[in-house]
Amino acid sequence: MTARVLLAGATGVIGRALVPLLRARGHQVTALVREPSRAAGVELDDIVVADALDAGAVRAAVAAARPEVVVHQLSTLRGPAAEGLARTARLRTEGTAHLIAAAEAAGAERIVAQSIAFATAPRGGPVLTEDAPLHLDAPDPGWALTTRAVAELERRVLGTARLTGVVLRYGTLYGPGTRYHRDGAIGAAVARGRLPLPEPAAGVTSFLHVEDAARATVSAVEADTGGVFNVVDDDPAEAAVWLPEYARLLGAPPPRTVPAQLAERMLGWLTGYQLTAMRGAANDRVRQALNWKPATPSWRTRLAAD
Ligand SMILES: NC(=O)c1ccc[n+]([C@@H]2O[C@H](COP(=O)([O-])OP(=O)(O)OC[C@H]3O[C@@H](n4cnc5c(N)ncnc54)[C@H](OP(=O)(O)O)[C@@H]3O)[C@@H](O)[C@H]2O)c1
């Protein structure tokens, strides 16, 4: 069955990969954009204009698109970190509320929204399921703001009265346009030997190629079921494994090691946490319920490839 899909975030990293996949499956894709010129080069069926933080504008734009499915891929993490985190938290709380209200008013049936697989609290085993609690008590104010906003997004999407809600908790994205691309912030740091390896580096990362994120989103658009799903590859890896391998793939020298206690000061809280304590995520549920599996099962084959 094909559907009228409203995509908020069509000009973003996942959105740009998602639009051609949806259209190839016969879906009619309308993008909700705040600035139409940003959609240049994205082949869409239609465009509606609204800032996601403006409830009235979102309502009018979604009404005009008359979608059956709404896809929420909104974030705004570029630029100064604190500002990006605060605005992205608002997109996850207020933006989500506006989209849900507008989708319900327009008679939509489903909403599919982006969340984060690595927002779980670092407790329990190295690889966690969707049932693990979120890191709401994170010691870093920016990360606590993020995990609380993610929790609110998930509560709203899964708690709508009139829509079937799907939450896709994407893993650490890599591929074109991401921080892990060789030109991205992390790729460039690893290539220059500027991302040291804490000792011990027991944090676990579950990676996800952008194309696999887009493919999983198509599965979620087309499914009947709702729920929360980790969307990650099959190869969760400790930093002690992936960071030296990433450096090798980039042709960079092996990362130098630093004591774990210095990692936070040298790398910032979030990267230090990722490398020393973060947990990976299991993808059993999405495989069964949405019949999705990663086309790139391991980051090893593509982390440095695009
Ligand atoms: N799981 C993960 O690892 C994960 C998750 C999210 C982001 N990231 C990383 O963060 C970087 C990109 O971050 P990004 O946050 O800039 O995401 P992005 O994927 O580049 O863009 C997000 C989308 O949201 C739209 N948007 C933002 N604010 C809006 C508003 N007020 N109203 C309407 N639309 C709005 C943007 O539109 P405009 O084109 O107008 O800006 C864009 O289409 C990438 O490196 C990505 O890999 C990683």
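A polar contact is a pair of N or O atoms within 3.5 Å. The model shown in these views is predicted.

**View 1. Polar contacts between the protein and the ligand.** A backbone N or O atom of Val13 lies 2.7 Å from an oxygen atom of the ligand. For Thr11, a polar side-chain atom is found 2.5 Å from a ligand oxygen atom. A polar backbone atom of Thr76 is 3.0 Å from an oxygen atom of the ligand. The ligand taken alone exposes 920 Å², of which the protein buries 90%.

**View 2. The largest nonpolar core.** This core has 35 residues, and Leu44, Val71, Val112, Leu168 and Val231 have the most contacts inside it. Among the elements that give two or more residues to the core are strand S1 (4-8), helix H1 (13-24), strand S7 (164-170) and strand S12 (227-231). Helix H6 (210-222) is also one of these elements, and H6 supplies the largest share, 7 residues.

**View 3. The surroundings of Leu168.** Apart from its neighbours within four places in sequence, Leu168 is in contact with residues including Val112, Ala113, Gln114 and Ser115. Its contacts also include Ala216, Thr217 and Ala220, together with Phe229, Val231 and Leu290.

Key
Residues numbered from 1 in each chain as written. Predicted model: local features only at pLDDT ≥ 70, side-chain atom pairs only at ≥ 80, totals over all residues. Heavy atoms only, no water. Polar contact = N/O pair within 3.5 Å; in protein donor to acceptor, adjacent residues only side chain to side chain. Areas by Shrake-Rupley, 256 points an atom, 1.4 Å probe, with all protein chains shown as cover. Core = buried A, V, L, I, M, F, W, Y, C linked by side-chain atoms within 4.5 Å. Buried < 20%, exposed > 50% of the residue type's maximum accessible area, 1.4 Å probe, protein only. Helix = DSSP H or I, 4+ residues; strand = E, 2+ residues; numbered from the N terminus. Contact = heavy atoms within 4.5 Å.
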